[in-house]
Amino acid sequence: MKSIAALDCSNEFVSRHIGPSDKDIAYMLETLGFESIDQLMSLTIPDNIRVDNALNFGSMSEAQALCALQKMSAKNISMKSLIGLGYHDTHTPSVILRNLLENPGWYTAYTPYQAEISQGRLEALLNFQQVVMDLTAMPMANASLLDEGTAAAEAMTLMMRVGKSKSKCFFVAVDCLPQTIAVVLTRAEPLGIDVHIGDPLTDLEKLDVFGALLQYPNVDGEIHDYREVAECLHKAGGLLAVAADPMALVLLSPPGEWGADIVVGSTQRFGVPLGFGGPHAAFMACREEYKRQIPGRVIGVSSDKDGKVAFRMALQTREQHIRREKATSNICTAQVLLANVASMYCVYHGPKGLEQIAQRIHLMLKILVSQLREAGVSVRNTSFFDTIVFDTLGAEAVHKRAMDKGYNLRVIGAEAVGLSVNETTTFDDIKELVKVIINRVSREEPLVNCNLSASEGIPHALVRQSAILTHPIFNKYHSETAMMRYMRVLEEKDLALNRAMIPLGSCTMKLNAASEMMPITWAGFSKVHPFAPLNQTEGYQELIADLENKLCQITGFSGISLQPNAGSQGEYAGLLTIRAYHKSRGEDDRDVCLIPSSAHGTNPASAVMSNMKVVIVECDADGDVNLSDLREKVALHKRKLAAIMVTYPSTHGVFEEGIREICQIVHDAGGQVYMDGANLQAMVGICLPGHFGPDVMHLNLHKTFCIPHGGGGPGVGPIAVANHLCPFLPTTPLSLLTSEGMGIGPISSAPWGSASILPISWAYIAMMGGSGLTKATQVSILSANYIAKKLSNHFDILFTGSNGLVAHECIIDTRKIQSKAKITVDDVAKRLMDYGFHSPTMSWPVAQTFMVEPTESEPLEEIDRFCEAMILIAGETEKIASGEWPNNDNPLVNAPHTAEYLMADTWTHPYTRKQAAFPNGEMSVSKYWPTVGRIDNAAGDRSLVCSCPPIESYMVGG
Amino acid sequence: MSIKYSKDHEWLVIDGNIGTVGISNHAQEELGDIVFVELPQVGDIVGQGDEICVIESVKAASEVLAPCSGRVIEINEVLDSNPQVINQSAEEEGWFYRLEISDFASLSELMDSEAYETFLLAGEE
Ligand SMILES: Cc1ncc(COP(=O)(O)O)c(C=O)c1O
């Protein structure tokens, strides 16, 4: 008998998202010896934090969710935004939109730690670095930062580190982008840097500063000649950072040619949608001397063991994973996907195409300016590329007329209006804008013979002379066919989630469902300027409010800020919030931050950025925070204790029983508890961090809530806080929202950080509902325990809770087999590639071991295939240990095996080619082939090359 | 001329009032392939225990502490272009810098070869 209830399909997505079927789940439980998933939960998660039915909101089907999103996107009023302020509309070439931005082969990959299976996106990122180096005329660039504001802040701290000056004063030009100034001020305050804001042409020479930040062209579009400023600053021992618009640099003399030590900026307008503020890829370029100091990832050229050119992330040891509190920056997840869109935009258009686009933009504005001047409008600029400010007695009326015609202009005050022309601006727009601004019907053909005097626009002395994008990569793929194939070739080289499980611990590589992804490129979400009037963004406001509400329910906290663009930024924002709280109570000198030795490297790095002193708390042999050491350290620093940063479940993948006690000890001493929520995956629907002690936590929406990793970003790292911390949450740049008060300053350029990817998490939560989310948590814990059980006969499982169970991930200790066979954890990781797998997290948090996280999305079959691979590798190590295969010639040390290697005419190794390539004996047609052999890390780090190598090196194999 | 070691795995060879400093062979083995060294500048005044060099390998980056106080008079420029010399010959060719020792009293804290060996063995347990 079917009832009307049978018509309900609102929870259909849950079984699409969760890999194992109910039958599989029953089998997995049986394997582990449990009767029900509830029994497993009650033995895994401590009683004193577990809650029942924590989430009681319902779910939607995929179609319903898409429909709801469609409605919200329609509430964002689609306007042509000529606001500028560092955000410009752009045409994402359709070939890039479809084959890269909307392609899981690109967006589901992880940060390219395993270089041999990441050559495609590494090449794209190297192209990105080359673009930045060419446009800025600097010898060295990194592979993206989170946004222009944080890039400028990073430039400031970099200059303080490398500069010779003893000054604690930093100069910021008053005509920098306002949100950049705001982010720099936030960053400077805890570090005791005194920021002086002024006019660089008149104020700078009187000051003793360690560095200065200029904007080029400035916020009003003016292009100043800063040569003398640079010289003068250098003479006084200061360093110069320039925030530059890469599109303008196509036509302008680049900062590297007139004295910049560092150049930062955003590549958004190279094909990356506005998206209400992000995600976009910022960049940093610098002098050669600072190459070991530059924050973020740097892609370098090295070679594989056969001498073939191969790319890899260089200088990894400078990063916080190793340097911890001595790291130069806390940045971890960056903006790889968006950097790759920008880099492909340049590959597709090439130098000529880019020049045409830049010239067209400039010419449009020239025509507009000449018309305005002819009509008697006073345009303030003496120079411009794409932006101007003009005087008017009725700014409000101009904005109103503009909006009526579908344009947003930049609000400056009652008597001036700003305007920026972009790639999407047409000649018709210019005609319309003339009418809007001069407010009278102009002549029939107003623009045919306008007077474009040559002196206008770009100052003669600042016209670009040097060539850009001369490397052949930027001069080959200009037809759509060629472009499509180039991206396909690169995509093929990489192993992403659309090919195989990526069992990286602490990364939560779960499904990024198509329905979640689709809305982000809808015009209603992607074409919105971050500083558009609030009444045009009601759809976004609605989505954000609902997402905030759901995340508060999920975490048990009362307030949230979506501004941080990655987990690292969340940590930083959270610690600043804690700092502001202590200050508000007159406890300014609380500056000690306790961090367990097992913490992720971003934790100590963020603490140092917040000017806190890091004190390490030991872990005991079973991996938990050592409570007696904690008590001792708390007692020692009692009155100075600011916070503890704990990860829960711990980075060892265990629900520590003592978590409430840890929080209590710290609270009793007047400290606050910061929770690193990278592992929230194991708690959604089952425990509420806001209820068991922590005062603030960050979430990684790019882990727990389905935002794809994009090959190393984007991310969203919101912070959720308890009631007493709400007043201290970050304020929004440009005071878009009124509640300023006691909040810490903005920590990102855009008011809601990476707003355009929030629909992904919204859709996931909506389609799973409270019970689906809870089930996801349960299955991820079940799968991790299933793997631990299956592998426990062959490897040690390093840490478990009191009932011998792990949380949503487990550490596989391969050290015994490694030492018996005299091989390394690297050898095992690279051998997994031959089996078609991405290695689990390697050597973190415990050196020479693997941390495995399956997530709820992996089907049982794939989990079994992974376990089989690990077990077969254990068998292979036995053959090495027994001497059947020599230590220096076996499938592990020679891994990964490329097709080229295996096709060699002669084969002299003690194992067969089939054993090398098809180790489980099945000749699968879908086998993944690594495209390069083992990469030589040392050679690449000794002589760092971070520009595109000569074209011949792309020919071989490839 | 005798070689002394610090607990932080630096070595010091003393010749009159001139000391030559590097990292021990054991430290080199622990670090793996060394890719970069940042040396002090000639003329720098260093105190015992100061972090005056940075060393990076493919596995790690760490500070190298000064085993004694003094003024730097010479640095091993070969290391700039050829840091792997440290892997090949940590306690000879791979020296870091020479200094004029200013405080001989502090040298008593250093170990001789034998004591250092014992120290390493104790660490392994
Ligand atoms: C435990 C932990 N904390 C913090 C982070 C940093 O997050 P993000 O990369 O988003 O900055 C990570 C990310 O890998 C992590 O695993």
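## The second largest pocket

Six elements each supply at least two residues to the lining of the second largest pocket: helices H8 (148-162), H9 (178-191) and H21 (602-609) of chain A, and strands S4 (34-38), S5 (45-46) and S6 (51-57) of chain B. Helices (H or I, at least four residues) and strands (E, at least two) are DSSP runs, numbered from the N terminus. This is a predicted model, in which local features need pLDDT of at least 70 and side-chain atom pairs count only at pLDDT 80 or more, while totals for chains, interfaces and linings use all residues. Residues are numbered from 1 along each chain as its sequence is written, chains are lettered from A and ligands numbered from 1 in the order in which they are written, and side-chain values use heavy atoms, with hydrogens and water left out.

The second largest pocket holds about 1800 Å³ of space. Its lining comprises 48 residues, and those nearest the centre are A:Arg161, A:Val162, A:Gln293, B:Glu38 and B:Val54. By class, this lining has 21 nonpolar, seven polar and 20 charged residues. Here Ala, Val, Leu, Ile, Met, Phe, Trp, Tyr, Cys and Pro count as nonpolar, Asp, Glu, Lys and Arg as charged, and the others, Gly among them, as polar.

On a 1 Å grid over the protein atoms alone, a pocket is an open set of points with protein on both sides within 12 Å along at least five of seven lines, whereas a cavity is a set of points where a 1.4 Å probe fits but cannot get out; lining residues have an atom within 4 Å of a point. Grid points are joined across faces, edges and corners, and a volume is the space filled by probe spheres set on the points.

## Cavities

By this rule there are 11 cavities of 30 Å³ or more. The largest cavity has a volume of about 230 Å³ and is lined by 21 residues, with A:Gly86, A:His88, A:Leu177, A:Gln215 and A:Asp245 nearest its centre. Its lining divides into seven nonpolar, 10 polar and four charged residues.

The second largest cavity contains about 160 Å³ of space. Of its 19 lining residues, A:Leu101, A:Pro279, A:Leu338, A:Ile520 and A:Ile757 are the closest to its centre. This lining has 13 nonpolar, six polar and no charged residues.

## Backbone features in loops

A:Pro279 also takes part in a cis peptide bond, which runs from A:Gly278 with omega near 5 degrees. A:Pro279 lies in the loop between strands S7 (262-266) and S8 (282-286) of chain A. Another cis peptide bond joins A:Ala895 and A:Pro896, with omega about -5 degrees. A:Pro896 is in the loop between helices H27 (860-881) and H28 (899-902) of chain A.

## Packing of H13(A) and H15(A)

Helix H13 (residues 336-374) and helix H15 (residues 427-438), both of chain A, pack at an angle of about 25 degrees, with their axes 10 Å apart. Axes are lines fitted to C-alpha atoms, for helices over the stretch in contact, and angles run from 0 to 180 degrees between N-to-C directions. H13(A) and H15(A) are therefore roughly parallel to each other (angles under 35 degrees count as roughly parallel, over 145 as roughly antiparallel, 65 to 115 as roughly perpendicular and the rest as oblique).

Contact means heavy atoms within 4.5 Å. Residues of H13(A) including A:Met364 and A:Ile367 meet residues of H15(A) including A:Phe427 and A:Ile430. By class, this contact has 10 nonpolar, one polar and no charged residues.
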